[in-house]
Structures are given as C-alpha cells and as structure tokens.
Amino acid sequence: MSGASTAASATEASKTGLGKGGISVESLTKRFGDNTILDALSVDVLPGQTVAVIGPSGAGKTTFLRTLNWLEKPDEGSITCNDVTIHAGDEDSRLLSQFRSKSAMVFQHYNLFSNMTALGNVSIGMRRVLGMDRKTAEDKAHELLDRVGLTDVADHYPSQLSGGQQQRVGIARALAMDPEYILFDEPTSALDPEWVGEVLKVMRGIADDGITMIVVSHEMRFVRNIASRVLFLEGGHIVEDGTPAEIFDHPRQERTRQFLSEAFTLPEQQYR
Ligand SMILES: Nc1ncnc2c1ncn2[C@@H]1O[C@H](COP(=O)(O)OP(=O)(O)O)[C@@H](O)[C@H]1O
Ligand SMILES: [Mg+2]
C-alpha cells in the first residue's frame with residue numbers, strides 16, 4: 001500500500017483538493033551552494049498515511065521535512081497540500097501562510113520556550129497565530145495536555161519536565177495548530193530510552209486518529225509498528241518506497257539492504 005500511484009496529481013488537486021492531509025510533491029530540488037540535496041524528488045502521500053523517512057546521516061531528511069512546510073525554500077518544483085499548491089519562487093505571503101498553516105513541526109530537541117509553562121507553550125500559537133482569546137486557547141491547551149498524558153504538569157516549565165514530557169508538550173503544541181499533517185524530525189532520538197515508549201504511544205494515537213504524519217525516524221518500534229509506509233532517502237532521491245514489511249523483509253534495492261543492516265540491526269536487538 002505505497003499509495004504513490006493512487007493520489008491525484010497536483011493539477012487535479014487545484015480543482016478538487018487531494019483530501020485533508022494529502023500531499024503531492026513534484027520534482028522538488030533543493031541545493032545548498034553546489035550541493036544538490038533534493039534532486040527532482042517526487043512523492044505523493046495519501047490522507048492519513050503515517051510515513052517514516054529513513055536514510056543515512058546527511059541524506060537530506062531534515063531538509064526534505066523543512067521544505068514540506070516551506071521553512072526551507074526549494075529551488076525548483078512544487079508542493080500541493082490538499083487544496084493549496086505552492087511553487088518554488090512563490091513569494092505571495094498570503095499563499096505562504098495558507099500553505100504553512102497546513103502543517104506543524106515536532107523537533108528532535110523539542111524547541112520549547114523555556115520561560116513558558118507547558119500550558120503557555122501549547123497555547124501561545126493558538127493565541128498569536130490563530131488569534132484565539134486567552135481563555136479559549138488555554139481551555140484547548142488543557143484538553144491537548146490531557147490527550148498527551150500531561151494533565152498534572154500543565155504549570156511546569158520545560159526544565160521541570162523529563163525529555164519524554166517535553167516532547168509530548170512539543171506534540172501537543174503541534175496538535176494545537178490543528179494541522180492537516182505533522183512533520184516529526186527524529187522525535188525520539190534525543191530521549192533517554194526510558195522515555196521513548198511514552199512518546200511513541202502518543203504518536204500511535206495521532207496515527208490512529210488519521211492525521212497525516214511524516215516522521216524521520218530510525219526508531220525501529222515506530223517504523224515497524226506504527227508507520228504505514230517507509231521511504232528510504234539517499235542521494236537526493238527516494239531509493240525505495242513501500243510498507244514496513246516490504247522494506248524490511250523484502251528490500252528490492254541492494255542499497256536499502258545495506259543501509260538497513262548497518263542502521264537497524266542493533267536497535268532491533270535492543271528492543272526485542
Ligand atoms: N542551511 C544549510 N546550509 C548549507 N548546507 C546545509 C544546510 N542544511 C543542511 N545542509 C547540508 O545538506 C545535507 C543534508 O542535510 P540534512 O537535511 O540535515 O540531512 P539529514 O537530516 O538526512 O541528516 C548535509 O550535507 C548538510 O550539511
Ligand atoms: Mg536530520
């Protein structure tokens with residue numbers, strides 16, 4: 001169920017939309033100086049898919065995620081999310097903010113405001129970006145903190161929270177923006193092993209709710225058990241695209257096989 005062939009093209013999307021959370025990336029190229037990091041990369045993501053992006057360090061995984069909400073501007077190509085298409089070079093600020101409002105990002109190092117409580121971190125975007133009044137935003141923030149299991153620490157500052165709790169605040173903050181898709185950049189890789197499980201549990205809940213997720217992760221439990229699809233990124237291209245079972249048990253490309261044996265053997269043994 002790779003879905004790559006079944007999503008509507010970006011052209012059709014401009015008329016009908018891809019569906020909430022559907023994404024179509026067309027010939028996306030990103031260069032840093034002379035280095036081509038993404039090389040005419042194309043991929044379609046269906047509404048509700050949970051996509052793991054794997055690949056060696058420096059492959060461009062972070063760059064790819066950042067282009068998906070235009071934090072990084074591509075040099076060529078276009079991205080459609082549901083009913084909004086943006087092309088490289090587009091500068092229209094209304095279009096940019098419309099596009100950006102489709103997604104939210106969860107970072108490896110949480111990126112919380114250290115001078116705000118958990119409640120403040122979750123509600124600030126709803127107030128500043130979505131224009132909610134304080135009461136409405138804080139009520140919603142309490143609901144979201146409940147959802148990620150942090151009811152009791154709403155008034156704690158990041159320094160008073162464990163890594164796992166901080167990342168769950170990061171996830172609640174992303175949910176607060178009511179995005180069509182959430183981009184996660186190695187959300188568990190900075191965590192002590194004891195906190196990984198609680199973050200994965202929250203991520204599974206989001207996947208089950210049908211929100212599209214694109215997750216850069218080498219966390220075997222996530223990739224194997226939660227992701228519906230795996231993309232192996234290397235050399236600016238998607239080298240392989242399939243279900244976790246296809247990628248792990250029957251990789252078609254020798255390069256995928258090599259990468260998996262180097263990157264995934266150890267964690268799998270650890271977590272068994
Ligand atoms: N802002 C930047 N300026 C110049 N080079 C960058 C920048 N960001 C990333 N790169 C380079 O792009 C390549 C891909 O980086 P990145 O997307 O972070 O890879 P990954 O997340 O897969 O490890 C690396 O060679 C990195 O050094
Ligand atoms: Mg990275």
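Trainee: What covers the buried residues of helix α4?
Mentor: Their cover includes α5 (134–147) and α6, where contact means heavy atoms within 4.5 Å. Please keep in mind that this is a predicted model, in which local features need pLDDT of at least 70, side-chain atom pairs count only at pLDDT 80 or more, and totals for chains, interfaces and linings use all residues. Residues are numbered from 1 along each chain as its sequence is written, chains are lettered from A and ligands numbered from 1 in the order in which they are written, and side-chain values use heavy atoms, with hydrogens and water left out.

Trainee: And how many residues of α4 are buried?
Mentor: Of the 11 residues in helix α4 (residues 118–128), 9 are buried. Buried means under 20% relative accessible area, exposed over 50%, and partly exposed in between, with a 1.4 Å probe and protein chains only. Helices (H or I, at least four residues) and strands (E, at least two) are DSSP runs numbered from the N terminus.

Trainee: Which ones are they?
Mentor: Among them are Ala118, Leu119, Asn121 and Met126.

Trainee: You mentioned α6. What does Gln165 touch?
Mentor: Gln165 belongs to helix α6 (residues 163–176). Not counting residues up to four places away in sequence, Gln165 touches Leu150, Val153 and Glu198. The C-alpha atoms of Gln165 and Val153 are 8.9 Å apart in space, although the two are 12 residues apart in sequence.

Trainee: New topic: what surrounds ligand 1?
Mentor: Its shell, counted as residues with a heavy atom within 4 Å, includes Phe32, Ile37, Pro56, Lys61 and Thr63. Helix α2 (residues 61–67) gives the most to that shell, with 3 residues.

Trainee: How many of the shell residues are nonpolar, polar or charged?
Mentor: There are 4 nonpolar, 5 polar and 1 charged. Here Ala, Val, Leu, Ile, Met, Phe, Trp, Tyr, Cys and Pro count as nonpolar, Asp, Glu, Lys and Arg as charged, and the others, Gly among them, as polar.

Trainee: How far is the side chain of Thr63 from an oxygen atom of ligand 1?
Mentor: An N or O atom in the Thr63 side chain lies 2.6 Å from a ligand oxygen. For Lys61, again through a side-chain N or O atom, the distance to an oxygen of ligand 1 is 2.8 Å. In all, the protein covers 56% of the 560 Å² of accessible area that ligand 1 has on its own, by the Shrake-Rupley method with a 1.4 Å probe.

Trainee: How many aromatic pairs does the structure hold?
Mentor: It holds 2. Rings of Phe, Tyr and Trp (its six-membered ring) pair if their centres lie within 6.5 Å; planes under 30 degrees apart count as stacked, over 60 as edge-to-face and the rest as tilted. Trp70 and Phe99 are edge-to-face, at 5.6 Å centre to centre with 75° between the planes. Trp70 is in the loop between α2 and β4 (76–81) and Phe99 in helix α3 (residues 93–100), so their pairing ties together parts 29 residues apart in sequence. Both residues are buried.

Trainee: Why does the pair of Phe232 and Phe259 count as stacked?
Mentor: Their ring centres are 4.9 Å apart and their planes lie at 25°, so Phe232 and Phe259 are stacked. Phe232 is in strand β9 (residues 229–234) and Phe259 in helix α10 (residues 254–263), so this pair joins parts 27 residues apart in sequence.

Trainee: Lastly, is Thr50 buried or exposed?
Mentor: Thr50, in strand β3 (residues 50–54), counts as buried because its relative accessibility is 3%.

How values were computed: Polar contact = N/O pair within 3.5 Å; in protein donor to acceptor, adjacent residues only side chain to side chain.
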